[in-house]
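Subject: Structure for you to look at

Hello,

Here is the structure I said I would pass on. Please open it first, then read the notes below it.

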Amino acid sequence: MSTTQENVSSVTAFLNAMSTSDVEGVKALASDGFEYWVAGRTPLSGTSNLAQLTAAMPEFGKAFPNGLRISMTGTTAEHRRVAVEAEGSGITADGKTYENVYHFLFIFDDAGKIAKVREYMDTAHIMETFGQ
């Protein structure tokens, strides 16, 4: 079992990998039964497994050709859970400014791998920015 500090380090690495569409980085941190859930009623909302998430990551990279910077503004960690407040910013492929706020909940398995992620954000901003 990993320590709380190791879990926070894994979360930081995971968010960095997501920001740069680093598929291998995400895979290295995720458990076999990984699930990623996104709040809301957008095309991105719902639950994805690791294969679905990593298959979508190249499209995410196209949407943000220079990456999406995710800055952690606060963390709370206890046992196998890490809660993160974050801000995301980037320029979309069509030149729009994207700035959103997030809350993530990461849950780790016994081996210290990320088993589940729950993502909450301003879904109206997603719809306004991407027009979907």
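What span should the 16 residues of helix α1 have, and how far apart are its end C-alpha atoms? Before the answer, two remarks on how to read these notes. The model is predicted, so local features need pLDDT of at least 70 and side-chain atom pairs count only at pLDDT 80 or more, while totals for chains, interfaces and linings use all residues. Residues are numbered from 1 along each chain as its sequence is written, and side-chain values use heavy atoms, with hydrogens and water left out.

Helix α1

At 1.5 Å a residue, helix α1 (residues 4-19) should span 22 Å, and its end C-alpha atoms are 23 Å apart, which agrees. The expected span is 1.5 Å times one less than the number of residues in the helix. Helices (H or I, at least four residues) and strands (E, at least two) are DSSP runs, numbered from the N terminus.

Several residues of α1 are buried, among them N7, V8, F14 and L15. Buried means under 20% relative accessible area, exposed means over 50%, and partly exposed is in between (1.4 Å probe, protein chains only).

S2 sits in the segment before α1. S2 counts as buried because its relative accessible area is 18%. The side chain of S2 makes a polar contact with the side chain of N7, at 2.4 Å. A polar contact is a pair of N or O atoms within 3.5 Å; within protein, one must be able to donate a hydrogen and the other to accept it, and residues adjacent in sequence count only if both atoms are side-chain atoms. Leaving aside neighbours within four places in sequence, S2 is in contact (heavy atoms within 4.5 Å) with N7 and G112.

The nonpolar core

Which residues touch the most other members of the largest nonpolar core? They are F14, F34, Y36, F104 and F106, out of 31 residues in that core. The elements that give two or more residues to this core are α1, α2, β1 (30-38), α3, β4, β5 and β6. The most comes from α1, with six residues. A nonpolar core is a set of buried Ala, Val, Leu, Ile, Met, Phe, Trp, Tyr and Cys residues joined through side-chain atoms within 4.5 Å. In soluble globular proteins, nonpolar side chains tend to be buried together.

Not counting residues up to four places away in sequence, F14 touches V26, L29, F34, Y36, L53, F106, I114 and V117.

Strand pairs

β4 and β5 pair in the antiparallel sense over eleven bridges. Two strands pair if DSSP finds at least two bridges between them. G88 has N100 in β5 as its bridge partner. These two strands, β4 and β5, form a hairpin with five residues between them, and G95 in the turn has a positive phi of about 85°.

β5 also pairs with β6 in the antiparallel sense, over seven bridges. Here Y102 has M121 in β6 as its bridge partner. The β5 and β6 hairpin has five residues between its strands, and G112 in the turn has a positive phi of about 85°.

Most residues other than glycine have a negative phi. S21, in the loop between α1 and α2, has a positive phi near 55°. At 22% relative accessibility, S21 counts as partly exposed. H79 also has a positive phi, near 55°, and is found in the loop between β3 and β4. At 61% relative accessibility, H79 counts as exposed.

Salt bridges

How many salt bridges does the structure hold? There are three. A salt bridge is a side-chain nitrogen of Lys or Arg within 4 Å of a carboxyl oxygen of Asp or Glu.

- E24 and K27 meet at 3.8 Å, N to O. Both lie in helix α2 (residues 23-29), three residues apart, about one turn of the helix.
- K62 and E59 meet at 3.2 Å, N to O. Both lie in helix α3 (residues 50-63), three residues apart, about one turn of the helix.
- R80 and D110 meet at 2.5 Å, N to O. R80 lies in the loop between β3 (69-78) and β4 (81-91) and D110 in the loop between β5 (97-108) and β6 (114-121), so this pair ties together parts that are 30 residues apart in sequence.

Regards
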